[in-house]
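Here's a quick look at how this chain is put together. Have the structure open as you read.

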Amino acid sequence: MKQHISFYGLPGLNAALKKHQFSWKSVLFMTLAGAITLFVTLAHPPAYAYDVSISPAGPRQGDTVSIISSENRGSAHTPAVSINGTGYPTFAISNGRYRTFLPTSPLHPSGEYVIRVEGPEGPRNPMVWLSDRAFRTQRITLPASSINLGTDYEFDQVAAFKQILSPDKLWNGPLLRPSQGSVSSEYGVRRYYNGVFADDYYHRGIDYAAATGSPVIAPAAGKVALVGRVADGFELHGNTLGLDHGQGVESIFIHLNSINVQPGEIVQAGQVIGTVGSTGASTGPHLHWGLYVNGVAVDPSPWSNGSFE
Ligand SMILES: [Zn+2]
């Protein structure tokens, strides 16, 4: 029996088939042998391949997972990194080393996240396991009139701010605490509104209780990328300030009494940027600080307790 079969991707077989004629049994055998060779090759990648390190090693919901790919050959080519099939921004952090942030939140399901690092040194597919974390819950009773607070203007401005992806890294080392007030509400608190669990709600930042007029400092260097005022339609957030720390990392400060900086201005870590207030939908003076990474509000605490490259 003669067959004409093409085996794309199994080197040598095409040429061999052109020279010789094989029985179906020998073709089957060679296919199996080729598949085994391919499997062995994949199981033992070539010496040139990315080293991928993932930290923290055991992330929990709210953590920012840092994925660092190092090239062995130093080919100075930023690898394409995807997680569960979605591409993520990747930046060079030092010679031959690249960093990708996977931001997580209480809304991210626990379980396996498959990372794919692809570039000239061949693909790598490490995985990371995200663990559940218990977040406190609150029961809030709201009058029906307050449920639809907020204007399209402020939501659009804030949404655009969260999508900013600028190339230069402006933060350096651990982030500073933006207020000296005590923490009145931690990150990630879940809520029942009028007895109904709010699936999409989690506290997207940290609240500090502090007197009206007390200083708010920049947790890290950044560019003033959002200034919103009650008078312009920020009825929910109140007076709002957004800092772009670069590479998809942004801080937002809401309910401010005053804003001391101008749009486009570069501020330094520790610089006073505004004062605490109770503007917008707020029941008393406090600062809300939200830290966004690639558009997701992450827990700022690991950024204050440690250093992200
Ligand atoms: Zn808050």
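## The big picture

Keep in mind that this is a predicted model. The protein chain holds 4 helices and 21 strands. Out of its 309 residues, 33% count as buried.

Take the contacts in the protein chain between residues at least 6 apart in sequence: 67% of them join residues at least 24 apart.

## A four-stranded sheet

One spot to look at is an open sheet made of 4 strands, lined up as E1-E2-E6-E5 with antiparallel pairing. Strands E1 (51–55) and E5 (90–94) sit at the edges with a single partner strand each, so one side of each has no neighbour in the sheet. On average, neighbouring strands here are turned by 30° against each other, ignoring direction.

Zoom in on the E5 end: E5 and strand E6 (residues 97–103) run antiparallel and are joined by 4 bridges. Across this pair, Thr90 stands opposite Thr100 in E6.

## The main nonpolar core

The largest nonpolar core counts 45 residues, and Leu241, Phe253, Leu256, Leu287 and Leu291 have the most contacts inside it. Strand E17 (residues 249–259) gives the largest share, with 6 residues. Domain 2 (51–130) and domain 3 (137–305) each supply at least three residues to this core.

Terms used
Residues numbered from 1 in each chain as written. Predicted model: local features only at pLDDT ≥ 70, side-chain atom pairs only at ≥ 80, totals over all residues. Pairing = 2+ DSSP bridges. Helix = DSSP H or I, 4+ residues; strand = E, 2+ residues; numbered from the N terminus. Axes fitted to C-alpha atoms, helices over the stretch in contact; angles between N-to-C directions. Buried ≥ 20, exposed ≤ 12 C-beta atoms within 10 Å, placed from the backbone. Contact = placed C-beta atoms within 7 Å. Core = buried A, V, L, I, M, F, W, Y, C linked by C-beta atoms within 7 Å. Domains from an automatic or database assignment.
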